[in-house]
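Please open the structure in a viewer and keep the sequence at hand.

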Amino acid sequence: MKKATGLILLTSLAMAPAAFSAPAGTLSVHILNQQTGIPSPNVTVTLEKEQQNSWVTLASGKTDEDGRIKSLYPQDQDMLPGIYKVTFKTGDYFHQQKQTSFFPEIPVMFTVTKTNEKLHIPLLLSQYGYSTYKGS
């Protein structure tokens, strides 16, 4: 009888709703201010997905005191393959710091190749330049 119960449990998990599909931390971001060497807190970051030649907003959040958003992708959905864009609202951040900046926002487009692929997008930031890469 226990084997049948285990089989039923495994079958139930296989048919679980998408809420169990996208794990926390599927997509994370981090911003480090290169000029100061410290993280950039309170920066708004949006996430969009390209669908039929337009962008659909999926999520938005603000970086924490360590300059991170640990889980930007909505956990109630699978992160499917496709083209995505995170946009860092850096102009607002520098305005809060009473500094000018050349880039009011920094869009970073990237490709997801596997469902629920764990991705990290760091941003090294200064008033007049930036750098980003695929992190881990």
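Begin by selecting glutamate 117, which counts as buried because its relative accessibility is 13%; buried means under 20% relative accessible area, exposed over 50%, and partly exposed in between, with a 1.4 Å probe and protein chains only. This is a predicted model, in which local features need pLDDT of at least 70 and side-chain atom pairs count only at pLDDT 80 or more, while totals for chains, interfaces and linings use all residues. Residues are numbered from 1 along each chain as its sequence is written, and side-chain values use heavy atoms, with hydrogens and water left out.

Glutamate 117 is placed in the loop between β7 and β8. Helices (H or I, at least four residues) and strands (E, at least two) are DSSP runs, numbered from the N terminus. Now display the surroundings of glutamate 117: leaving aside residues up to four places away in sequence, it touches Thr26, Met79, Val112 and Lys134, where contact means heavy atoms within 4.5 Å.

**The sheet**

Next, select the strands β4, β3, β6 and β7, which in that order form an open sheet with antiparallel pairing. Two strands pair if DSSP finds at least two bridges between them. β4 (54–62) and β7 stand at the edges with a single partner strand each, so one side of each has no neighbour in the sheet. On average, neighbouring strands of this sheet are turned by 25° against each other, direction ignored; the axes are lines fitted to C-alpha atoms, for helices over the stretch in contact, and angles run from 0 to 180 degrees between N-to-C directions.

Within the sheet, select β6 (residues 82–88), where five of the seven residues are buried. Its antiparallel pairing with β3 (residues 44–51) extends over five bridges.

**The core**

Which residues touch the most other members of the largest nonpolar core? In this set of 24 residues, they are Leu27, Leu47, Leu72, Val86, Phe88 and Phe110. The elements that give two or more residues to this core are β1 (27–33), β3, β6, α2 (90–96), β7 and β8 (119–126). A nonpolar core is a set of buried Ala, Val, Leu, Ile, Met, Phe, Trp, Tyr and Cys residues joined through side-chain atoms within 4.5 Å.

**Aromatic pairs**

Finally, select the aromatic rings, which form five pairs. Rings of Phe, Tyr and Trp (its six-membered ring) pair if their centres lie within 6.5 Å; planes under 30 degrees apart count as stacked, over 60 as edge-to-face and the rest as tilted. Tyrosine 73 and tyrosine 84 are an edge-to-face pair, 6.3 Å centre to centre with 70° between the planes. Tyrosine 73 lies in the loop between β5 (68–69) and β6, and tyrosine 84 in strand β6, so the pair ties together parts that are 11 residues apart in sequence. Both tyrosine 73 and tyrosine 84 are buried. Together, Tyr73, Tyr84 and Phe110 form one aromatic cluster.
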